[in-house]
Amino acid sequence: MPPTDNVMDKLVSLAKRRGFVFQSSEIYGGLGSVWDYGPLGVELKKNIKERWWRAMVHDREDIEGLDAAILMHPKVWEASGHVAGFTDPLVDCKHCKNRFRADDPRIKGTPGEPTVQCPVCGSKGTLTAPRMFNLMFRTFMGPVEEAAAVVYLRPETAQGIYVNYLNVLQSSRQKIPFGIAQIGKAFRNEITPGNFIFRTREFEQMEMQFFVKPGTDLEWFEFWRHERMKWLAGLGVRPEKLRFHQHTKDELAHYAKDAHDVQYEFPFGWQEFEGIHNRTNFDLSRHQEFSGKKLEYLDVATNERFIPYVVETSAGADRTTLVVMVDAYHEEEVEGEKRVVLRLHPAIAPLKAAVFPLVNKDGMPELARRIFDDLRKHYNTFYDDGGSIGRRYRRQDEAGTPFGITIDGQSTQDGSVTVRDRDTLKQIRVAADRLAEYLAERLRS
Ligand code: ATP
């Protein structure tokens, strides 16, 4: 049974202990809600991104890849509506200097009116009236700050896709319907970030914009809703922890026709980590208007011209990483001892196997090294000869490594090794020269 109490604290501590995620600039006291991925974390997130890329770009003929720059022409963000509208209302406490979103449920007050009590210091009458705060990070391009142009760090990757839509269409010779997929960093100066890597100021998105003929958008919306759920189930996430949440009229962006969040039941409640949106022709129409460049599509078969509708699937790579880590985290009793194990799907586990010489003598290390050198040609494999075998197993359980391979006295006699399964804890003997094949069968995703 996954524990429900302070599981986030335990996960943050495991993430640090095992090298998944560290606080940014930790030796300087850290930077608020910015995180670094350590040796295991970078592998886990990379495996998720690669799996997404494969499903979107390599397995489909109708989607092309793109890697657009983070910095874009400032007019992009006027056209997209971010300069005028990407804002959150915030209030400050004049006493303790803390800052909150005005819609923070902890703030008691009449909606839209100055609020009455600070949720941190408890002072009354010290909260300012709500002010609008733009979430985009600004910086300056050019050597002289005063004369330089203000540019933004992109708050989403999607706009890089829209402004390249014609370039990709023409160079790839795709026809509508077709899509463009991109993975990249995005930045938001969130007022109330938190919950570890759930809401951060620098994060990575995996976005795919699918361009369709108006009138076919509802069908494609349904298609992509199902595809995305299927993909998530393939990551091994428990289906009962996943659900769709359809945006109500109040939640819906003004340009969107429909939006469904994919939510996961985190220890801090049901929360979105991916969205499927019907964005209509809003973005392309606005870019056509602001750039003065025609972004219409000519359907050669029917001679019709139209601005395509866009069905978007927008996922956070970091939030998806958090979903798989939370979902995989288990504590259990094994022979009277507590065991913490990350039951990660083998296809995304950072390490696929770990090799252990039972003791550091009698030819075991030499044989273990040979086996390790052979396996690492195929899989990210770890070699560990430090401490008792039980401790070595425990470390790999916490790392989510699906297989532990032990070289013992018998191995030096008959060339067989034991393979321990992370989840069932069963150990079986396998001939060392069949090991790569044995793992391949079990790691096939
Ligand atoms: P939220 O309501 O949580 O702020 P959003 O609706 O603004 O999210 P979108 O703009 O739809 O999110 O972004 C798509 C995805 O990008 C989200 O589902 C999430 O996975 C990811 N994402 C957005 N903001 C952040 C953030 N600050 N930190 C980490 N991931 C984020």
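Which helix and which strand each supply at least two residues of the lining of the largest cavity? They are α11 (389-399) and β21 (403-407). The model is a predicted one.

**The cavity**

The count comes to 1 cavity of 30 Å³ or more. The volume of the largest cavity is about 30 Å³. Its lining is made up of F356, Y393, Q396, D397, T401, P402, F403, G404, R420 and R422. Helix α11 gives the most to this lining, with 3 residues. By class, the lining of the largest cavity has 4 nonpolar, 3 polar and 3 charged residues.

**The largest pocket**

The largest pocket holds about 1,600 Å³ of space. It is lined by 50 residues, and the closest to its centre are F86, R188, H247, E251 and E272. Strand β13 makes the largest share of the pocket lining, 7 residues. By class, the lining of the largest pocket divides into 15 nonpolar, 16 polar and 19 charged residues.

**The ligand**

Where does the ligand sit? The ligand is in the largest pocket. Around the ligand there are 14 residues. The closest are E190, R199, T200, E272 and F273. E272 is also among the residues closest to the centre of the largest pocket.

Which strands each supply at least two residues of the shell around the ligand? They are β10 (202-212), β13 (269-278) and β16 (309-316). Strand β13 gives the most to this shell, with 4 residues. Strand β13 also makes the largest share of the lining of the largest pocket. By class, the shell around the ligand has 3 nonpolar, 5 polar and 6 charged residues.

| Residue | Protein atom | Ligand atom | Distance |
|---|---|---|---|
| E190 | polar side-chain atom | nitrogen | 2.7 Å |
| F273 | backbone N or O atom | oxygen | 2.9 Å |
| E274 | polar backbone atom | oxygen | 3.4 Å |

On its own, the ligand has 590 Å² of accessible area, and the protein covers 82% of it. E190 reaches a nitrogen atom of the ligand with its side chain.

**Two backbone details**

Most residues other than glycine have a negative phi, and most peptide bonds are trans. Two places in this model depart from that pattern.

Which residues does a cis peptide bond join? The bond is between I176 and P177, with omega at about 5 degrees. P177 lies in the loop between α6 (165-172) and β9 (178-187).

K97 is the other place. K97 is not a glycine, yet it has a positive phi of about 70 degrees. K97 is found in the loop between β4 and β5 (99-101).

Technical notes
Residues numbered from 1 in each chain as written. Predicted model: local features only at pLDDT ≥ 70, side-chain atom pairs only at ≥ 80, totals over all residues. Heavy atoms only, no water. Near = heavy atom within 4 Å. Polar contact = N/O pair within 3.5 Å; in protein donor to acceptor, adjacent residues only side chain to side chain. Areas by Shrake-Rupley, 256 points an atom, 1.4 Å probe, with all protein chains shown as cover. 1 Å grid on protein atoms, 1.4 Å probe; cavity = no way out; pocket = protein on both sides within 12 Å on 5 of 7 lines; lining within 4 Å. Sits in = over half its atoms within 2 Å of the grid points. Nonpolar A, V, L, I, M, F, W, Y, C, P; charged D, E, K, R; others polar. Points joined across faces, edges and corners; volume = space filled by probe spheres on them.
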